[in-house]
Amino acid sequence: MRRTEYDEAQAARRLKVPVAAFRWVRHTGLIPAPDASACQWSRAAVEALNADAIRAAMPSPPISGGAAADRIADALGTPNRTIHGEPANVTAFVVRRFVDRGLLFDLSANPDGTLHHSGQVAEVCCREDLADLVAADTPLGPEQAAARLRVRRADFDHMVRLGWVRSPQSIEVRFGTSRAGAVDVALYTTASVDAVVTAHPEVDWEQLRAVEKGRRSPLASLRPAPAPA
């Protein structure tokens, strides 16, 4: 029985092109939107597509988020080191935030990783504001975020509870070699942490920063703002 409708993967197989290349040309508008349903093309629409043009739009395989991070770090003149235990100057977390900003398009269908068009990564690497973007999207753990705000960790936890700052991603941190000792640690962008003070002038920040360890946080009695109707 001949197929009459094709999703992305099926259409790519039919045209004998990489799925990532098909997703890229769909993103750039080189091919028309699905005509059979919200995510499927008719047989006639697929057969009318130019496979050579799709391949030409993505002449090299996609690169991983980690590889994109390495290229961004190189562009900034601060290469990511491969020495064990040495923190990367630019991480895949930053690349994911670039996806959130619309600066990079994710060609993968994998929630655990991203894939990118190398040409688009090269364009991002040429941006004059690249350093500022990376600085804004650099990840901070809860302890680092609290230190940056010059407050106690308990105070920062209340800010999270109140919805003043939100984590776009968590990472698994293991203690020892067993997964039984693994915990998820929320990460926050530097920009979102820095924005908290300006966004909440009702807080006496100097007083908050002066609260001694062990004392109840002045933020403990606050309640999250109701969600908009």
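I started with disulfides (a pair of cysteine sulfur atoms within 2.5 Å) and found zero in the structure. Cys126 is in no disulfide, and the nearest cysteine sulfur, that of Cys125, is 6.9 Å away. I noted Cys126 as exposed because its relative accessibility is 65% (exposed is over 50% relative accessible area, buried under 20%, partly exposed in between; 1.4 Å probe, protein chains only).

Housekeeping: this is a predicted model, where local features need pLDDT of at least 70 and side-chain atom pairs count only at pLDDT 80 or more, while totals for chains, interfaces and linings use all residues. Residues are numbered from 1 along each chain as its sequence is written, and side-chain values use heavy atoms, with hydrogens and water left out.

Next, aromatic pairs: which rings pair up? I searched the whole structure and got two pairs (rings of Phe, Tyr and Trp, the last by its six-membered ring, with centres within 6.5 Å; planes under 30 degrees apart are stacked, over 60 edge-to-face, the rest tilted). Phe22 and Trp41 have ring centres 5.2 Å apart and planes at 85°, so I logged them as edge-to-face. This pair links distant parts of the chain, with Phe22 in helix α2 and Trp41 in strand β2, 19 residues apart (helices, H or I, of at least four residues and strands, E, of at least two are DSSP runs, numbered from the N terminus). Both Phe22 and Trp41 are buried.

Phe156 and Tyr188 have ring centres 5.2 Å apart and planes at 90°, so they are edge-to-face.

Last, I checked helix α2 (residues 19-28), where the buried residues include Ala20, Ala21 and Trp24.
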